[in-house]
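Hi,

Here is the structure I promised to pass on to you. Have a look at it first, and then read my notes below.

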Amino acid sequence: MSLFGMLLNWLRGKTCILAALFFLALAGLVGANVFIRPHEVEFVYDAYPGFWALFGLVGGLAMVIIMKKIVQPMISRGDDYYERNS
Amino acid sequence: MSAIASGFVHPTVGFYALALVLPFLPGKAWKWLLLIPPVVAIWSVMTIEPGLYGQASWLGQTLLLGRVDKMSLIFAQVFAVMSLIGMVYALHVDDKLQHIMACVYVGGAFGCTFAGDFLTLFIFWEFMSIGSTFLIWLARNERSTKAGFRYFMYHTIGGLFLLIGLLMRYKAVGNFDFDHVVPTQMMAYDWMILLGFCVNAAVVPLHAWLPDAYPEGTVTGSVFMCAFTTKTAVYVLLRGFHGVEALAIAGTVMCVYGVLYACIENNARRILSYHIVSQVGYMVAGIGIGTAMTMNGAVAHAYAHILYKGLLFMGAGCLLYAAGTTKLDKLGGLVHRMPWVMALYMVAALSISGMPLFNGFISKTMTIVGAAEAHRTWLAVCMEIAAVGTFLSVGIKLPYFAFWGKPANNTMELKPIPVNMYVGMAMGAVLCIAQGVYPDMLYRYLPFEMEHAYHPWTVWHVLQSLLLLGFSGLAFYITRDIITPHAKTNLDFDFFYRLIGRGALALVSKPLAWIDDRWTEAYRVAGLGGLLTLARGTVWFDTKGIDTVVDGSAYTVQNVGVLSAKVQTGRLQEYLGLAAALGLGIFALVWYLA
């Protein structure tokens, strides 16, 4: 295993710390958004601080849940569906 | 073909020359020759002055092989760079046919880019289709064979739309000039040509060939394919059809559609394929909106996209090469064994997501901000949603389940990855970062004059991107158990293509075969009876003593019989070949007379 590989493997064991750092960074970004506002508003609501944070979070959650829980069960077939049916 | 005129070395020449000599070169040293056409191409496009070069006459038409302007040059430039990266990545491959077909394909892309008329464009368009089909077939397994046939059939149909359109257009306007069409004055033939282009641009719902075929190509072949087919189509759309409203809508639909499917896909190369649909959507939308900024955004994004998508396919190719599969449910826990593949892949993954410091950030935002400035708010919002999905699937899901996901996997057998594959990836990664940090590297080549320059590196743009991507990351964190990929086939529009295919087969094998049977029967009863009567007459005639004449005609009849028996072999491929030859003959004749 290369040194780089060992470093990455070591990081695996530190998920709690990494997650904490990640949440801290997110909080910092929203905090910064209170002071830094868009120079030009794309559409009305992005003038509010935290809009794009909410957009990313809600958009991501909705996409995953709708696609994996509702759409995929409807449109998915067995892994070898086309092999068996052609 | 006089491709070299007034000092322009057409990049296609190098690639086709290599394709022609490669079969005759012995030993292993020929591999170094693979790097020459790309280097010549880079030199050529960086030094050539805009102008018209290389006219040739064929079938009474004047072909313009070298229309060199800012628009064609920037596409040719990135094609040249990508061809070098792709060739470096493919250096270890011993199969000459793969390299030959890559040359045919890449040369075709250059031919299309510099084509000044529809006829030249069509010829190189078909060369690309043939080259890329072989890049799929040469994976040499059952799945790729079938996928290659589907791909070829689909692109042949797309090519026919283009051919029908350009012939109709020729009939109406009397030339093959390939220029911009005013959107409000589009005729039926323009729509036909547009349809042909849209097939190659993978515009939904004509897109399903892409996620069907690209995951089945060779490890190195898919790296070429992901760069050239759709981007050549983007180039011709930009040249011919910018400002067409339908493209603005279609492009935005592509953006979202691609990410939704990628979200539930299991095969890494298929996830990346759906993201081609999505990313090309930004370009198509930018072209459709048609302001200088969105069109420049489309061009910049095409440039950046070729680099990072090539790198993504190289990373996934490494997984396929080493582990033998790209299915995420079978991978996982490999990060410590392929750390550099992961790191280089991540450069591309962050680029496609539009993370600051990487080239997607300076290209994608340009199209989105351009759309917003053109007051196409909803299109811009949908593009932002697609950006969220892109980071979810390509930025986090794919690397998470391929490299991390499961506990450290020390048992899976991994084939060592050749150095040249790493070198190819490193080249791509360096360019992705360099363009992200120095946007002017890319912006200075953009073809359209803008009212005001676009500056991606403002505090707000950086913060907005980080907020959007950071919280998409949080969404992944929350749903990581839901998004876990499953080994499933997700039905897409190719389900309908296959239905149409089966319908056509049924039509041929049942009603048409029935008609054929009846016809044969009728022929046997009526035709043969007639012939027998005629024969009796001939016998009678013969017995009357004109032996010499009849002997002669008997021989003729026999010869004609042998010939027609040869034609009626009952083998479909021979009928197809015959029909194609006949079609070409008629085509040439019509042309000659017209």
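In chain B, take the contacts between residues at least 6 apart in sequence: 81% of them join residues at least 24 apart. Two residues are in contact here if their C-beta atoms, placed from the backbone, lie within 7 Å. Before you go further, note that this is a predicted model: local features need pLDDT of at least 70, side-chain atom pairs count only at pLDDT 80 or more, and totals for chains, interfaces and linings use all residues. Residues are numbered from 1 along each chain as its sequence is written, while chains are lettered from A and ligands numbered from 1 in the order in which they are written.

Chain B has 21 helices and three strands (DSSP runs numbered from the N terminus: H or I of at least four residues for helices, E of at least two for strands). Its radius of gyration is 27 Å, close to the 25 Å that the globule rule gives for 594 residues, so chain B is as compact as a globular protein of that length. That radius is taken over C-alpha atoms, and the rule is 2.2 Å times the number of residues to the power 0.38.

How much of chain B is buried? The share is 53% of its 594 residues. Buried means that 20 or more other C-beta atoms lie within 10 Å of a residue's own, again placed from the backbone. Strand β2 (residues 61–68) of chain B has six of its eight residues buried, so it is largely enclosed by the rest of the structure. It runs antiparallel to strand β1 (residues 51–58) of chain B, and seven bridges join the two (strands pair if DSSP finds at least two bridges between them). Gly51(B) sits opposite Val68(B) of β2(B).

Now for where the chains meet. Chain A puts in 40 residues and chain B 42 residues. On the side of chain A that touches chain B, the largest share comes from α3(A), with 17 residues. β1(A) also pairs with strand β3 (residues 488–490) of chain B, antiparallel and over three bridges; there, Arg77(A) stands opposite Thr489(B).

Enjoy exploring!

Note on methods. A residue is buried if 20 or more other C-beta atoms lie within 10 Å of its own, exposed if 12 or fewer, and partly exposed in between; C-beta atoms are placed from the backbone.
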